[in-house]
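This briefing concerns a protein model and is arranged by topic. Please examine the structure shown below before reading on.

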Amino acid sequence: MEFQAVVMAAGRGSRMTELTTGCPKCLLPVGNVPMIWYPLNLLKRNGFQEAIVIVPEMAKNEVSEARIDTKVDMKLDIVTIPSSEDWGTAESIRYIKDKIKVDVLIISCDLITDFELHQLADVYRTHSASLAMLLAPVSLSLVNAPAPGQKGKHKRVRDIVGIESHTGRLMFVNSEADFEENVPLRKFILTRHPVVQVHSDLMDAHLYLMSKWLVDYLVENENITTIKGELLPSVVKKQFYHSKTEGKNDITNMKASVTSVDPKKDIHSHKKTGEWYDLLSELSTRSNQWGSLDDCYHGDQVRCYGYIMKDGLCVRANTLGSYAEVNRLIPKIWDSVTGNSERPISASLSRSKSQGGDDSMIGEGTNIADKVTIKKSIIGNHCQLKEKVKLLNCVIMDHVTVEEGSTLQSCILCSNAFVGKGSELKDCIVGQQQRVMDLSKLSNDVILEIEKFIEI
Amino acid sequence: MDKLKLGGNQGSANKKKRNRRAKSSNFIENDHMKGPNFKVVDKTSESSTQASNMCSRVQNEQSKDNKLAPAEESTINPNLSESQYTLKHKKRKSKKKKSPIRTVTDKEEVSMLSADGDIQLSKKNGFGINLDSSGQASEEKIVVSGLEAIKTAKTKVYDHQTLVKAENLLKSTELADSLTGTLKSSIMSTHEALKEESWAPCTGAGKQQRLDSRASNEEGQKTKAQLKAERKAAFEAKRVAEVADKRMSDKQTQQKSKATLRAERRAVQEAQRAAKEVSKNEKSAGVKKVHKKTSDDPRVSQQEVRKKVRLFRHLPQYHHNYLLTRNLRLAGSDLHPSIIGLGLQISQGVVRGSNARCVALLTALKEIIQDYITPPHKELSRDLEAKIRNYMNFLNQCRPVAVSMANAVKHLTRFITKMPSNINDSEAKLRLCEQIDTFIKEEIKLAKQAISQNAGENIRNHDVVLTYTCSSSVKGALCDAYDEGKNFRVVVVDARPRLDGREMLRCLVKKGIQCSYVLINAVPYIMQEVTKVMLGAHSLQANGYVMSRVGCSQIALIARAYNVPVLVCCETYKFSEHVHTDSIVYNELADPNELVTELPPNKQTLENWQDIPSLYLLNLEYDLTPPDLVAMVITDIGNLPCTSVPVVLRVKHAGSQEV
């Protein structure tokens with residue numbers, strides 16, 4: 001086995017709390033399928049037979065009830081993290097350290113993409129990288145998608161990524177917030193890597209390939225809490241710093257500089273270079289960058305690479321806006337994103353005279369009365385749409401009832417919601433089991449059970 | 001002084017050889033050698049002389065300008081492409097009916113065929129002179145499929161422990177050598193003749209006669225049938241491609257490149273299919289007919305195929321490794337991760353140089369063996385060998401496997417197959433890992449040291465050593481000589497597109513050695529001040545030809561002109577039983593894009609070179625330096641003349657048989 005897959009599904013959906021109050025984020029439906037199905041499907045298509053899924057404890061029952069594993073036909077090892085802890089991604093990885101035997105592929109549960117994983121894996125394999133990450137150009141339509149129930153724009157936190165364009169070597173990866181006015185770049189790094197492209201329009205897809213020894217490193221450094229925020233920037237930075245004792249594995253020192261634990265258990269034992277490594281590097285006739293007297297890769301042992309997606313689609317449904325937008329897009333992009341998979345839930349159009357276009361998806365057991373207009377909407381299972389209902393750009397989850405003559409535009413209706421007769425809702429979110437009174441006219445509103453909201 | 005001495009050596013070696021040749025009489029006696037493209041079944045002792053007579057006869061016939069006497073019942077296919085120097089000489093039993101002679105009157109076809117040179121060679125028939133004769137007894141046949149066959153025969157013989165003893169081996173080697181000599185000249189003449197014809201197809205077309213026979217000899221027919229099929233397929237593919245090209249012309253280039261890959265695959269498939277069909281219909285052969293393939297797939301575009309440089313179209317073309325890993329699973333793949341990584345690293349040039357590639361392969365294999373668990377109901381020796389073969393196939397797709405790698409794997413598999421079946425897995429794995437370690441240590445690491453020692457003796461104070469691109473053994477030798485305190489200067493010659501010499505220069509400069517750096521076009525000028533040329537080698541062939549990075553033979557030639565001795569550093573494990581006489585027959589094609597992408601100053605000039613119909617790019621990897629340009633070879637077992645390769649190989653094989 002080359003890689004082990006870890007799906008990070010323990011996110012709380014802090015940027016879409018309106019939706020996640022009643023439903024764990026990883027199970028929020030996208031195109032009538034739980035969101036987590038997409039990364040799992042991606043893994044499945046790339047030959048993974050099993051995966052470790054990290055979910056919060058409180059969502060465990062729901063996740064196992066959702067029977068995801070049978071939907072994707074994979075063996076899932078569902079690991080719960082205690083709800084009392086507020087763990088970051090790195091802590092979660094540390095928690096499952098005993099299960100990790102080989103290099104890991106870490107993927108977020110909200111990633112929906114048609115990316116072919118082997119491209120990233122090739123970069124990783126070619127350079128024997130320590131870490132490889134997928135970067136995707138941010139699609140503006142998704143970023144600027146109007147988020148229902150929100151006034152004003154959600155402020156996007158950008159990442160600043162410096163990357164050597166012809167090799168894909170990462171120079172720095174930081175959040176915008178890490179810098180003040182300037183982005184500093186050390187001179188000696190620039191001497192070695194004279195062509196560095198700095199991007200601010202790239203999105204970290206939260207898809208990482210990480211070598212086993214880096215996981216070990218993570219395990220030993222308990223002050224690292226998140227992968228993205230802490231591990232990644234520090235490892236990328238440490239690529240360029242060599243040990244002072246020339247000839248020795250430089251990670252030894254890098255490690256020692258981070259934590260002063262006893263040097264016997266350093267990363268030197270983690271990162272195996274092989275018996276004949278020295279001979280190999282001596283024999284290799286690979287030409288280095290011109291003008292430098294350094295060894296291959298400038299003697300760097302730790303190497304981090306980024307792969308920038310050139311075309312294709314890469315979306316993270318981690319904000320309200322992008323969640324709504326992905327749902328709108330999904331009928332069109334289904335085939336490319338899922339590799340022509342059969343839809344796990346048959347999306348049949350009701351035989352009634354209602355008008356539903358190709359741009360909509362309607363779940364099983366949904367009753368659609370006459371004269372219903374559905375455009376660009378996703379409708380879940382067992383919903384009741386009464387006569388003359390008009391839906392435009394809506395996401396409707398399971399067991400939702402919309403009474404006669406209601407008009408909904410750009411709304412998200414969580415499961416078991418009820419919308420009364422003749423209502424007109426625009427850009428609204430109706431929470432789980434919430435009722436909207438008859439004839440109400442709302443726009444940009446969030447209807448939630450207040451207590452529950454506070455409780456979370 | 002060196003030169004004189006060496007010359008003496010060479011002379012004496014040659015003399016010895018001549019003596020041996022005179023003695024040589026007995027050809028290999030072995031009924032078990034029935035390879036796909038050759039048979040050596042000979043029980044009489046006359047065969048060797050027969051064979052050489054055959055050669056001379058063939059040569060004579062060839063010189064008759066293709067006007068063949070039908071009475072001779074000889075077949076020469078003049079419309080074969082220049083890349084195949086196949087010459088068939090058949091002498092059949094007098095009982096057999098005379099074969100009808102068919103003359104190709106269709107001018108168009110001939111010119112088309114030769115203009116396109118469209119015969120795609122099956123790899124095994126890649127090269128060779130086919131001599132096919134049956135003597136007095138009907139069963140006695142010698143089919144020497146050129147030098148390849150001799151080589152294979154040698155290997156086979158070596159492998160065959162019980163039947164063939166060491167004496168026979170010696171004789172066969174010598175015979176092979178003598179045959180090589182005779183055949184070589186005939187090849188050259190054939191080569192010339194065929195070349196002329198194909199360069200001037202129209203003039204030659206009328207003259208050309210193709211004598212076809214309803215041959216009783218199955219083998220001959222098969223190859224002919226295959227050729228026919230392949231020709232057909234290629235023609236079809238080309239036709240379709242032309243149609244497709246017209247349709248495709250306004251589409252984007254990106255789509256095109258995908259389409260070309262598809263097309264290439266398709267063409268190969270078609271050729272194979274056609275070949276199969278023909279071999280099925282063999283009984284009704286003689287009737288010139290192949291089912292026409294009708295594929296109107298508009299996506300088929302033969303662009304890539306069309307972009308093959310004519311002389312080198314029989315070689316595996318360079319392809320990007322994008323598709324290689326596409327269908328590999330990221331988990332649970334049949335291939336071991338270390339092999340996938342290695343394949344990519346080799347194809348991307350992260351691991352470069354034949355020694356480095358070999359070491360990387362062996363370390364990967366070691367990892368594999370350590371992870372290996374014998375599946376139930378299987379034997380380790382068989383299963384592991386099959387696995388390794390599978391891995392090598394993958395590596396071969398990534399980049400043609402180096403001679404060094406092939407030899408190392410051969411060594412290892414020999415050890416695996418000999419593994420007694422009664423030892424348990426962990427023991428066997430331990431032994432194999434040990435074996436790998438010893439191989440790396442003895443054949444590569446220590447060999448390298450021995451070479452630098454031997455080479456160091458040849459470097460004097462105030463020498464000016466010229467070296468070409470980057471060779472790990474030369475690099476080591478120069479560094480070690482410098483460490484010994486010798487005072488010399490190095491001229492590093494480099495060549496586009498890879499500019500490997502920079503790596504050499506980097507190491508030498510880092511060491512503190514005084515260096516000059518020139519490109520290969522400045523060599524004639526710089527050669528005046530050079531006292532020695534030291535080259536690395538990819539492999540040393542059984543006929544003494546040095547296979548090395550392209551450009552080496554040019555350097556050697558210039559060195560000869562300036563009377564500078566050429567020393568070649570090569571580990572003995574890189575010696576090969578292959579016999580090639582030019583760099584066309586066997587070579588490796590590198591990425592043609594390398595030639596255009598780094599063109600200064602305007603990168604865009606040739607970006608779309610694939611679309612320029614009159615432009616072909618050829619990026620060769622290796623060339624062959626003839627042994628007479630090489631003063632001596634510095635190996636781990638001493639300084640040798642090029643011609644002693646067979647001896648070294650024989651000793652090595654004998655040694656490995658004993659173990």
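In this predicted model, helix α6 (residues 117-126) of chain A has 10 of its 10 residues buried, so it is largely enclosed by the rest of the structure. Buried means under 20% relative accessible area, exposed over 50%, and partly exposed in between (1.4 Å probe, protein chains only). Helices (H or I, at least four residues) and strands (E, at least two) are DSSP runs, numbered from the N terminus.

**Helix α6 of chain A**
- The buried residues of α6(A) include A:L117, A:H118, A:D122, A:Y124 and A:R125.
- After α6(A) comes A:S128, which has a positive phi, near 45 degrees.

**Surface charge on chain A**
- A patch of positive charge on the surface brings together A:K332, A:K375, A:K376 and A:K390.
- Such patches are made of residues with over 30% relative accessible area and no salt bridge, with like charges joined within 9 Å.
- A:K332 belongs to helix α13 (residues 320-338) of chain A.
- A:K332 is exposed, its relative accessible area being 64%.

**Chain B as a whole**
- Chain B contains 20 helices and 14 strands.
- Of its 659 residues, 56% count as buried.

**Basis of the values**
- Residues are numbered from 1 along each chain as its sequence is written, and chains are lettered from A and ligands numbered from 1 in the order in which they are written.
- Local features need pLDDT of at least 70, side-chain atom pairs count only at pLDDT 80 or more, and totals for chains, interfaces and linings use all residues, while side-chain values use heavy atoms, with hydrogens and water left out.

Key:
Patches are made of residues with over 30% relative accessible area and no salt bridge: like charges are joined within 9 Å, nonpolar side chains (Val, Leu, Ile, Met, Phe, Trp, Tyr) within 5 Å. Accessible areas come from the Shrake-Rupley method with a 1.4 Å probe; for residues, only the protein chains shown count as cover. A salt bridge is a side-chain nitrogen of Lys or Arg within 4 Å of a carboxyl oxygen of Asp or Glu. Lys and Arg count as positive and Asp and Glu as negative; His and the chain ends are not counted. The place of a charge is taken as NZ of Lys, CZ of Arg, CG of Asp or CD of Glu.
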